[in-house]
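Please walk through the structure below with attention to side-chain contacts, surface charge and backbone geometry.

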Amino acid sequence: MGSDQKYFAHETAVIDEGCEIGAGTKIWHFSHIMKDCVLGEKCNIGQNVVVSPDVHLGNNVKVQNNVSIYTGVNCEDDVFLGPSCVFTNITNPRSNVVRRGQYEKTTVKRGASIGANATIVCGHDIGKFAFIGAGAVVTKTVPDYALLVGNPAKQIGWMSEYGHRLHFDEKGIAKCPESDQEYLLEDGVVRKI
């Protein structure tokens with residue numbers, strides 16, 4: 001870290017021109033932060049990560065080893081991206097057809113967690129505090145607080161902001177066992193009370 005540099009980058013990391021990197025962010029071995037990326041404060045970019053041009057990561061985003069974050073993806077604050085998860089950005093890629101400029105957008109909203117080896121097919125946003133299980137293949141937009149697993153991913157429940165499964169009573173109320181925060185399930189939508 002240089003005297004005016006507020007973030008840490010391992011000597012093997014490659015950071016292209018035009019990137020904005022927040023204070024306290026750490027970029028580890030063999031990772032490539034491509035041009036015009038914005039990384040917030042206190043992010044952790046693991047080993048062998050690629051962050052493609054124009055990607056935006058909020059504050060406190062944790063990116064584990066071997067993750068590919070392609071152009072069109074934006075992550076809000078407090079997102080967790082598990083080892084070897086990947087995002088796509090074109091629905092019909094062909095080697096001989098150039099589709100630059102046709103990248104689809106995907107937003108991973110605040111507090112969401114994406115498990116190891118999960119794949120997020122482009123154009124499908126991940127809701128606030130959603131939880132995508134390891135190996136899941138997400139092919140639809142994910143609601144806030146939803147728990148998805150499988151291939152293709154299916155919703156099997158709801159998760160608290162602390163990452164615990166929520167069990168709703170007959171009134172549609174559930175309590176997180178760690179935080180004691182209560183949630184309401186109403187018309188298929190979960191919100192904090």
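A residue is called buried under 20% relative accessible area, exposed over 50%, and partly exposed in between. The model discussed here is predicted. With these cut-offs, Trp28 counts as partly exposed because its relative accessibility is 28%. Phe8, at 25% relative accessibility, is therefore partly exposed as well.

In one of them Phe8 and Trp28 are tilted, with 4.9 Å from centre to centre and 50° between the planes. Phe8 belongs to strand S1 (residues 8–9), while Trp28 sits in the loop between strand S4 (26–27) and strand S5 (32–33), so the pair ties together parts that are 20 residues apart in sequence.

Another pair joins Phe129 and Tyr145, and here the rings are stacked: the centres are 5.8 Å apart and the planes make an angle of 15°. The stacked label applies because planes under 30 degrees apart fall in that class. Phe129 is in the loop between strand S17 (119–120) and strand S18 (131–132), and Tyr145 is in the loop between strand S19 (137–138) and strand S20 (146–149), so this contact ties together parts that are 16 residues apart in sequence. Both Phe129 and Tyr145 are buried. Together with Tyr183, these two residues form one aromatic cluster.

Turning to charged side chains, the structure holds 2 salt bridges. Arg110 and Asp78 meet in one of these, with an N to O distance of 3.6 Å. This bridge links distant parts of the chain, 32 residues apart: Arg110 is in the loop between strand S15 (106–108) and strand S16 (113–114), and Asp78 is in the loop between strand S12 (73–75) and strand S13 (80–81). Arg110 has 38% relative accessibility and so counts as partly exposed. Asp78 is also partly exposed, because its value is 30%.

Lys192 forms a salt bridge with Glu161, and their closest N and O atoms are 3.5 Å apart.

Asp169, Glu170, Asp180 and Glu182 form a negative surface patch. Of these residues, Asp180 is placed in the loop between S22 and strand S23 (182–186).

The peptide bond from Asn151 to Pro152 is cis, with omega near -5°. Pro152 is in the loop between S20 and S21.

Which value does phi take in Asp36, a residue other than glycine? The angle is positive, near 65°. Asp36 lies in the loop between S5 and strand S6 (38–39). With 35% relative accessibility, Asp36 is therefore partly exposed.

Asn117, which is not a glycine, likewise has a positive phi, of about 65°. Its place is the loop between S16 and S17. Is Asn117 buried or exposed? Asn117 is exposed, because its relative accessible area is 51%.

Notes
Residues numbered from 1 in each chain as written. Predicted model: local features only at pLDDT ≥ 70, side-chain atom pairs only at ≥ 80, totals over all residues. Heavy atoms only, no water. Phe/Tyr/Trp six-rings, centres within 6.5 Å; stacked < 30°, edge-to-face > 60°. Helix = DSSP H or I, 4+ residues; strand = E, 2+ residues; numbered from the N terminus. Buried < 20%, exposed > 50% of the residue type's maximum accessible area, 1.4 Å probe, protein only. Salt bridge = Lys/Arg side-chain N within 4 Å of Asp/Glu carboxyl O. Patch = residues over 30% accessible without salt bridge, like charges linked within 9 Å, V, L, I, M, F, W, Y side chains within 5 Å. Areas by Shrake-Rupley, 256 points an atom, 1.4 Å probe, with all protein chains shown as cover. Lys, Arg positive; Asp, Glu negative; His and termini not counted. Charge placed at Lys NZ, Arg CZ, Asp CG, Glu CD.
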